[in-house]
Amino acid sequence: MEKQSLLFIGAGRMAEAIIGGLFRNRKEDLEAVYVSNTGNMERLYALKAKYPVHTSENWKADAAKSDVIVLAMPPSAHEEVLQELSGVLSGQLVVTIAAGIGPSYLEERLPEKTPAAWIMPNTSAMIGKSMSLYAAGKAVNTEHREVLRMILEAIGEYEEFTEEEVHLLTAVTGSAPAFLYYFAETLIEAAEKLGIEKEKAKKLVIQMIYGSSAMLHEENNPEALRDQVTTPGGATAEGMKVLFRHNLAEIMKEAVEATNRKARGE
Ligand SMILES: NC(=O)c1ccc[n+]([C@@H]2O[C@H](COP(=O)([O-])OP(=O)(O)OC[C@H]3O[C@@H](n4cnc5c(N)ncnc54)[C@H](OP(=O)(O)O)[C@@H]3O)[C@@H](O)[C@H]2O)c1
């Protein structure tokens, strides 16, 4: 792969997660990194102080010099930015990381044959541990895929899906961290109800989730791990019965479906 010049339109937390990961892991593959936003200069100065990036308020000139344009701004800003971008593109790969904006949305608004892709990271991108989904548009070729992998690897693990699948799975990888954090909150509350002070309850629950996640990651088998903890007829089994009785599986399915309905605008 030739050295790449990337332009980030949007300089928020997710742009920084990718930029940080790229400079940590793939510095040798970077020709230049340009970053722009709506004019929040303080944010651009802060990024420039941390990474060797070029910052500017006028991204149009930088777009012409770039191989890849990463749209790291809110979904609502896309319509206008894509319109402006259309006028300056000459075959660059355009990647959005915005929720709900698939490659077909980009293709409809960009010049014909523009290579377009959609990366859906999650919040763990901030620590290089995202489970990212991605979908490639019609004009994405082998070299573009290499560039996509470089960006994806900067923030964690990734899997390719169809555009429709990324829409559906955003609930599972993008929204479900909130479900898990809520699970942590409820367990902390349960420990507090047993008379434990909040900070201690937090430590117990957070380390329990951290350790259990590490086991899951290592063993790759949630069911077997659950069995290991659950002696038949034992105390944990009694607790599990409550989760079954209240049908946690159904609650999760409903939460995923509700997330998807809202994402579709229903
Ligand atoms: N954070 C996550 O966990 C996460 C996960 C998956 C996907 N995403 C997606 O990633 C994108 C960025 O999220 P974020 O968390 O990084 O947001 P953020 O921290 O709020 O940053 C948004 C950035 O976009 C810029 N911006 C807004 N409108 C713009 C425009 N019209 N032109 C140029 N720049 C514009 C903002 O610039 P100013 O500061 O100048 O306003 C800011 O730098 C969003 O589309 C979000 O859906 C985020």
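Visitor: Let me start with E16: is it buried or exposed?
Guide: E16 counts as buried, because its relative accessibility is 14%. Buried means under 20% relative accessible area, exposed over 50% and partly exposed in between, with a 1.4 Å probe and protein chains only.

Visitor: What sort of model is this?
Guide: This is a predicted model, in which local features need pLDDT of at least 70 and side-chain atom pairs count only at pLDDT 80 or more, while totals for chains, interfaces and linings use all residues. Residues are numbered from 1 along each chain as its sequence is written, and side-chain values use heavy atoms, with hydrogens and water left out.

Visitor: Which residue forms a salt bridge with E16?
Guide: The partner is K50, and the closest N and O atoms of the pair are 2.7 Å apart. A salt bridge here is a side-chain nitrogen of Lys or Arg within 4 Å of a carboxyl oxygen of Asp or Glu.

Visitor: And which parts does that pair tie together?
Guide: E16 belongs to helix α1 (residues 13–25) and K50 to helix α2 (residues 41–50), so the contact ties together parts that are 34 residues apart in sequence. Helices (H or I, at least four residues) and strands (E, at least two) are DSSP runs, numbered from the N terminus.

Visitor: K50, then: buried or exposed?
Guide: K50 counts as exposed, at 55% relative accessibility.

Visitor: How many salt bridges does the structure hold?
Guide: There are 16 salt bridges in the structure. One of them joins R145 to E160, with the closest N and O atoms 2.7 Å apart. R145 lies in helix α6 (residues 142–153) and E160 in strand β8 (residues 156–160), so this pair links parts that are 15 residues apart in sequence. R145 is partly exposed, with a relative accessible area of 23%, and E160 is partly exposed as well, at 36%.

Visitor: What about E257 and K253?
Guide: Their side chains also meet in a salt bridge, at 3.7 Å from N to O. Both residues lie in helix α11 (residues 248–263), 4 residues apart, which is about one turn of the helix. E257 has a relative accessible area of 36% and is partly exposed; K253, at 43%, counts as partly exposed too.

Visitor: Which residues do shared partners join into one network?
Guide: Salt bridges with shared partners join E16, R43 and K50 into one network.

Visitor: Changing topic: what is the strand order in the sheet?
Guide: The open sheet of 8 strands runs β3-β2-β1-β4-β5-β6-β7-β8, with mixed pairing. The edge strands are β3 (54–55) and β8, each with a single partner strand, so one side of each has no neighbour in the sheet. Two strands count as paired if DSSP finds at least two bridges between them.

Visitor: In what sense do β1 and β2 pair?
Guide: Strand β1 (residues 4–9) pairs with β2 in the parallel sense, over 6 bridges. L7 stands opposite Y34 in β2.

Visitor: And what does β5 look like on its two faces?
Guide: Both faces of strand β5 (residues 93–96) are covered: L93 and V95 are buried on one side, V94 and T96 on the other. In a regular strand the side chains alternate between the two faces of the sheet. Strand β4 (residues 68–71) and β5 pair in the parallel sense over 4 bridges, with L71 opposite T96.

Visitor: Now the surface: which residues form the nonpolar patch?
Guide: L180, Y181, F183, L187 and M208 form it, with about 450 Å² of accessible area together. Patch residues have over 30% relative accessible area and no salt bridge; like charges are joined within 9 Å and nonpolar side chains (Val, Leu, Ile, Met, Phe, Trp, Tyr) within 5 Å. Accessible areas come from the Shrake-Rupley method with a 1.4 Å probe, and for residues only the protein chains shown count as cover.

Visitor: Which helix gives the most to the patch?
Guide: Helix α7 (residues 163–193) does, with 4 residues. L187 lies in this helix and counts as partly exposed, at 32% relative accessibility.

Visitor: Lastly, how many helices and strands has the chain?
Guide: The chain has 11 helices and 8 strands. Its C-alpha atoms fill a box of roughly 65 × 40 × 35 Å along the principal axes, and 38% of its 266 residues count as buried.
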